[in-house]
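I opened this entry to keep track of what I looked up in one structure.

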Amino acid sequence: MSQRADASQCGGVVVEFESDDVRDARAKKARSIPGSALIYLKGPKFLIYVSGALSMWGDRMWHFAISVFLIELYGRNLLLTAVFGLVVAGSVLLLGALIGDWVDRNPRNKVAHASLFIQNISVTVCSIVLMLVFLYKQRIEQIWDGWLTVVCYTVVIILADVANLASTALTIAIQRDWIVVITGYNRGHLAGMNATMRRIDQVTNILAPLAVGQVMTLASNVVGCGFILGWNLVSLIVEFFFLSRVYRIVPALSIKPPVEEEDQEYLEGRRLQGNCNTSLNLKEITNLPLCFRRFRWLVSTCKDGWRAYYRQPVFLAGMGLAFLYTTVLGFDCITTGYAYTQGISGSLLSLLMGVSAITGLMGTVMFTRLRKTYGLVNTGIISSCLHLGCLLLCVCSVFAPGSPMDLSLLMPDVTSNSSTELGGMASQRQKHTYPLRGGSNQPLLPDRSSIHWTNNTVLFDNVPSGTAPESYISIILLFLGVITARIGLWSFDLTVTQLLQENICESERGVVNGVQSSMNYLMDLLHFIMVISAPQPQHFGILVIISVLFITTGHTMYFLYAHKAKRKRSLDT
């Protein structure tokens, strides 16, 4: 130390003569840093992150590409895309409980590997079929008087739907079950992993469609299919290896409660609780053909799954999250299509999409800090208030200058004078709306892709013409509300996700999350129906108000859950 002081006083270079112990300690610490990094890279958390990133990237690319492919195949018409969206939503709605029950009843490694294999192989085969259709479309249309084309479209939609169902099963297995076991049921670690997985999802939601969109734009649709095909084959191998590695190094994953025995006792108990006709009913059931017995079992499984979902203590919280899906206030094709009719360019929309991704990431950061400071239930309350407060800007945009909303739609029976006045008002507000020219396919009808407008050559062939709107206040308020609301939205989403993870018993974790997915798709279908019922830009204000009402209802359900949870906690203490 004296040598250091003398050197510093003289203004010279400090030369330290360390002892052997100090030098050994420094060397050991230096070796421990890369060693700890290597341990983390080989650990289950990192492997799950990489596997999840590969899976999410493939899903985002596929959801974007299949929408564009179906539009191209059907003469740049949205019919096939709409059919695909309805098939996907309807299948998850009907089969969500069965998928979750299958996840519960089978070993974790078999569920993950089977879901991964079915998902990637379905996308691979579907990509091959699409490549053949794009290459030989004219020849295919001449076979069987064009019916072979219909068969190809049907095969593509079925394979894509199977891939989505397998993806749903994989998401339930990994993000709702494996993560809980890997963290050792530690709430802090669980919140961290949930937030990290959501950040990965936010980033891939932006970058993956852009990547495959650039390949399709610079090359061709056939090359795009080949790119997705190659990605899925490589991803299948890597994800399979990583998930197998995680399963081996986390012994708790191989331990699962005997769901089949519990369910069998429950069913036998229900059978014994009947009247004197129980034995006759059982004989009638056993005498039914095998197909009818299996169908009866499927219906019974779905019914039991929905009952299990209803009796969960977090039922109201899950329902509140589902109600948030009935909204047009998100960066999907509906909101971006509306913004396009109001004079917002595609480049500006892409910039707004990037900003929304940043606010979504801010929501994940806010979730972890609020949960650590105020607890999980209070985090949901704060996130709900923030979400609703930001959406009030969207409500204000409906009545702000520049809004194309036509109030005469709400008053069909009016006098001729008032209708004339309202007609004049409507004609003035029509100046803010850009009518589409003939032959343009404006994406007011929904599809499963969230940013499909990036491929302007497909969906936006014609640039809207006309003078600039008199005021941009309405559209600015709309997007300001949508973007800022994503902070509270994703924090609330993570809150409910962790509540479901913590409060659902391990034997019912799959089936309950499967029913939750069904509820989410059901409410998503309602918002599709809303748009189909009121597709014009003049109707969008009404859709905004209805969306805010649904979101308010969802958050009210969560407030009721939070009140019951706090009351129960106070009684227990």
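**Entry 1: the whole protein**

I began with burial: of the 573 residues in the protein, 49% count as buried. I note here that the model is predicted. I then looked up the secondary structure and found 21 helices and 0 strands. For the surface, I noted that the protein exposes about 27800 Å². Carbon and sulfur atoms supply 64% of that area. I also looked up the contacts between residues at least 6 apart in sequence, and 86% of these join residues at least 24 apart.

**Entry 2: salt bridges**

I turned to charged side chains next. Side chains of opposite charge can pair when their charged atoms come close. How many salt bridges does the count come to? I found 8 salt bridges. I looked at some of them in turn.

I started with Asp 101 and Arg 105, whose side chains meet in a salt bridge with N to O at 2.8 Å. Why are these two separated by about one helical turn? Both belong to helix α4, which covers residues 79–105, and they are 4 residues apart in it, so about one helical turn separates them. Asp 101 has a relative accessible area of 9% and is buried, whereas Arg 105, at 25%, is partly exposed. The cut-off for buried is under 20%, so Arg 105 does not count as buried.

I then took the salt bridge between Arg 108 and Asp 177, where the closest N and O atoms are 2.7 Å apart. Arg 108 lies in helix α5 (residues 108–135) and Asp 177 in helix α7, so this pair ties together parts that are 69 residues apart in sequence. Both ends turned out to be buried: Arg 108 has 3% relative accessibility and Asp 177 has 7%. I also noted that Arg 108 and Asp 177 are linked with Glu 506 and Arg 509 in a network of salt bridges.

The last pair I looked up was Asp 493 and Arg 198, with a salt bridge of 2.1 Å, N to O. Asp 493 is in helix α19 and Arg 198 is in helix α8 (residues 187–218), so the pair ties together parts that are 295 residues apart in sequence. Asp 493 is buried at a relative accessible area of 8%. Arg 198 counts as buried too, at 10%.

**Entry 3: Glu 239**

I wanted a charged residue without a partner as well. Glu 239 sits in helix α9, residues 221–249. It is buried yet has no salt bridge. Which side chain of opposite charge is nearest to Glu 239? I found Arg 60, which is 13 Å away. Glu 239 does have a polar contact of 2.3 Å, side chain to side chain, with Ser 235. Not counting residues up to four places away in sequence, I listed Ser 51, Leu 54, Ser 55, Leu 116 and Leu 170 as residues that Glu 239 touches.

Ile 475 is in helix α19, which runs over residues 473–503, and it is buried with a relative accessible area of 8%. With neighbours within four places in sequence left aside, Ile 475 is in contact with Tyr 338, Ala 339, Gln 342 and Ile 344.

Ser 356 is in helix α15 (residues 346–374). Is Ser 356 buried or exposed? I noted it as buried, at 1% relative accessibility. Ser 356 and Arg 486 are 130 residues apart in sequence, with 7.0 Å between their C-alpha atoms. Apart from neighbours within four places in sequence, the contacts of Ser 356 are Phe 331, Ile 483 and Arg 486.

**Entry 4: a surface patch**

Which residues make the nonpolar patch of about 590 Å²? I wrote down Ile 143, Trp 144, Trp 147, Val 150, Val 151 and Val 155. From these I picked Trp 147, which is in helix α7 (residues 147–182). Trp 147 is exposed, with a relative accessible area of 57%.

Technical notes. Residues numbered from 1 in each chain as written. Predicted model: local features only at pLDDT ≥ 70, side-chain atom pairs only at ≥ 80, totals over all residues. Heavy atoms only, no water. Buried < 20%, exposed > 50% of the residue type's maximum accessible area, 1.4 Å probe, protein only. Lys, Arg positive; Asp, Glu negative; His and termini not counted. Salt bridge = Lys/Arg side-chain N within 4 Å of Asp/Glu carboxyl O. Polar contact = N/O pair within 3.5 Å; in protein donor to acceptor, adjacent residues only side chain to side chain. Contact = heavy atoms within 4.5 Å. Areas by Shrake-Rupley, 256 points an atom, 1.4 Å probe, with all protein chains shown as cover. Patch = residues over 30% accessible without salt bridge, like charges linked within 9 Å, V, L, I, M, F, W, Y side chains within 5 Å.
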